[in-house]
Every structure is written in C-alpha cells, then in structure tokens.
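Hello,

Please find the structure below. My notes on it follow.

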Amino acid sequence: MKSPRTRVWWDRAPKRMPLARSSGRHASEPDPEISLEVENIAGSGAFSGLRATEYTLAVGQRLELGNKRGARVEAARAQAQLANLRADLSDVELGYLVRERYVAAAAAASRVELALDVVERNEELARIAGLLVEVGREPPLRALRAEAALAEAQAELQAAEATSLAARTALASLWGDQGAPPLVPSRFPGIEPPGAVMATASGLQLRVARAESTAAAAEIDRERSLRIPDPVVSAGVRRFEESNDSAFLLGVSIPLPFLNRNQGNIAAAEARLRAANAREAVALADFEQAVTRARSQYLAAEARVETLSTTSLPQAEEALRLVRIGYRNGRFPLIEVLSAAEARDAIREALIAAQEDRGQAAAELIRLAAQ
C-alpha cells in the first residue's frame with residue numbers, strides 16, 4: 001500500500017486584493033488651457049497708469065494628431081494586462097512557496113519521529129546490553145558500543161528538532177504569524193499534480209513574457225505617434241481699457257519638428273521590444289525544460305515511494321524484528337542488531353526523502369500549470 005498522506009488546506013496564505021481590470025476606454029485627453037495677458041500697464045507718457053491697458057483672456061485646446069490617443073490607449077491597456085498577469089503570477093508563486101515549505105516542514109517532522117524511534121530503540125538496546133554484560137553473556141565493549149550509539153542518536157534527535165523548528169518558522173513567515181511556529185504533522189500533504197502539463201505552452205509565466213512583448217510593441221507605436229506635432233487652437237477676447245471696446249481673437253500654433261522627432265525614445269522602445277522578444281524565447285525554452293524535469297522527478301519519486309513503502313521497508317522491519325528476538329535470546333551479537341537497525345533507518349530516511357521529492361515536484365508542476 002502507498003504511504004498515507006493527508007489533505008491540507010492552503011487558505012492561510014495572505015490573499016491579494018484583485019487589481020482593477022482596466023480596458024483603457026476612458027483614457028484622458030489633453031486638457032484645455034486658459035491664459036490671461038495684461039498689456040500696456042505702468043508705462044510712461046500715454047501708457048502711464050491703466051488708461052491704455054489691454055486685457056486678453058483666451059482658451060486654447062491642443063488637438064492630437066497621428067492617432068496619439070489610440071496609441072496611448074493601447075499602451076495603457078497592454079500595461080494594465082501585464083500588471084494583472086504579474087499580480088496573478090505573484091499569487092501562484094506564493095502558493096508554490098506555501099506548498100514547498102509545508103512539504104519541507106512535514107519532512108522535518110518525519111525525521112524527528114525517526115530520530116525519536118532511534119533513540120527509544122537504542123535506549124532499549126543499551127539496557128539489554130548492560131544486563132547481558134552483568135550476567136557475563138556480553139563483553140563490556142558491547143555495552144560501551146550501545147551507549148555510544150545511544151549518544152549519537154540523541155545528538156541526531158536534537159539536530160532534527162532544530163531543523164524542524166527552522167522549517168516551521170519559514171512556513172509561518174508566509175502566513176504572517178508572529179507567535180510560535182505552528183505544529184506540522186509528519187504525514188505528507190496530498191498534493192496532486194495536474195493531469196496534463198502541458199498540452200500547449202500556455203503557462204502563466206509564458207503569458208507574462210508574451211504580455212511584456214505586447215506592451216513593448218504598443219510602446220513603440222505610442223512613441224512613434226509623438227513624432228507628429230500637435231497644433232493648439234485658441235480663442236479669446238481682448239478688452240481695450242482706453243476706448244472701452246472689446247475684440248475677439250482666434251489663433252493657431254504649430255510646433256516645427258525640425259530638431260526633435262522623438263528618435264531617441266523610439267530607438268529605446270525598439271530596444272526594449274527586442275529584449276522582451278528574447279526573454280519570451282528564453283521563457284518558452286525554460287518552461288518546456290522545467291515541465292519535463294518536474295514531471296520526471298515526480299514520476300521517479302512516486303516509484304521510489306511505492307517501492308520503499310511496500311517492499312523495502314516491510315522487509316527491513318521484519319529483519320530487525322527477528323534479529324532483536326535472537327539478540328534477546330543470546331543467538332545474535334549486538335553488532336548484528338545495530339547493523340539491521342541502521343539498514344532499516346536508512347530505508348526510512350530514503351522514504352522520507354522520496355516523499356519530500358514527490359511533494360516538491362508536484363508543487364512545481366502546479367506552479368507551471370497555472371493559467
């Protein structure tokens with residue numbers, strides 16, 4: 001039978017507030033400008049005082065040409081999509097860290113249990129060895145060997161407990177707990193990988209890479225639209241204080257793009273697009289390699305768990321049981337018991353490592369399969 005696993009709730013991880021899904025339909029347009037001019041004030045002769053003062057009040061509006069607004073809308077929409085995908089990817093990475101650290105904490109707890117069993121067994125062997133030495137059935141060296149094995153097991157237990165505390169502390173840091181680290185059972189969580197990873201290359205990491213390329217291309221269009229100058233149309237009224245008359249004004253101003261056609265910003269945007277395309281190609285290659293590696297690791301670990309738990313460990317347990325019975329009856333020396341116990345402990349450690357590898361690989365496959 002397969003080793004038992006327990007189902008774990010992952011909802012203790014902090015939740016991210018969803019970002020607004022902007023469509024760019026309400027992109028801002030240039031604001032109108034208002035100007036006030038006062039002329040012929042505080043001069044000399046006929047222009048002294050305020051008698052010849054002229055007041056001009058005008059309103060101007062810049063008219064965008066070259067599809068600037070459309071390019072700006074597309075660039076804003078691409079950036080919003082990229083930001084949302086990056087936020088989703090952060091959630092996926094957080095979930096992966098929670099699973100990864102929980103598996104590590106469960107493995108550390110299993111190793112603490114193993115170390116406790118070893119200590120208890122060595123305490124019993126040391127007691128039996130002492131009795132056999134007293135009755136003359138074992139030389140004193142056997143008792144010293146048993147005491148040394150017990151001391152070594154106690155040291156391993158302390159190290160395992162320290163490792164377990166560090167793993168639980170790392171897990172609690174993701175949940176934002178400020179108190180004592182939570183207790184984690186030694187039963188490994190039932191993390192099941194997706195059924196098919198991946199029929200098509202559509203993981204969230206690839207979508208982020210593609211969104212970066214899309215945003216970079218939209219930025220090029222926006223920068224190119226800025227090459228075309230925008231005219232400013234103005235209208236206003238002028239009042240002549242001397243004659244108490246008024247007049248309407250109309251005006252148009254157009255920049256002359258002789259020296260500045262935004263070439264530098266366009267070149268920089270094109271360079272960012274080339275870099276984004278390169279990152280997308282690398283992300284695709286890394287994604288395919290990561291999927292292949294994680295799937296292989298999961299299947300290999302699953303096979304090791306099956307073999308160790310159903311065949312190797314039961315056989316080692318039975319061998320240790322028989323040797324211990326023989327040792328109590330004086331048929332086997334202490335060295336045989338210790339050898340059989342070490343073989344059993346090595347198999348248990350290998351089983352823990354295989355279960356940990358299986359959980360880590362499953363967590364990685366879940367991360368890669370996120371959409």
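**What was found**

Alanine 235 stands opposite leucine 250, a residue of strand 6. Strands here are DSSP runs of E with at least two residues, helices are runs of H or I with at least four, and both are numbered from the N terminus. This is a predicted model, in which local features need pLDDT of at least 70 and side-chain atom pairs count only at pLDDT 80 or more, while totals for chains, interfaces and linings use all residues. Residues are numbered from 1 along each chain as its sequence is written, and side-chain values use heavy atoms, with hydrogens and water left out.

Nine bridges join strand 5 (residues 232–240) to strand 6, and the two run antiparallel. Two strands count as paired if DSSP finds at least two bridges between them. In general, strands of a sheet pair through backbone hydrogen bonds, either parallel or antiparallel.

The open sheet has four strands in the order 2-3-5-6, with antiparallel pairing. Its edge strands, strand 2 (33–39) and strand 6 (245–253), each pair on one side only.

Helix 4 (residues 263–328) has 66 residues, so at 1.5 Å a residue it should span 98 Å; its end C-alpha atoms are 90 Å apart, which agrees. The expected span is 1.5 Å times one less than the number of residues. At leucine 308, helix 4 bends by about 45 degrees, the bend being the angle between axes fitted to the seven residues ending there and the seven starting there. Just after helix 4, glycine 330 has a positive phi of about 80 degrees.

Regards
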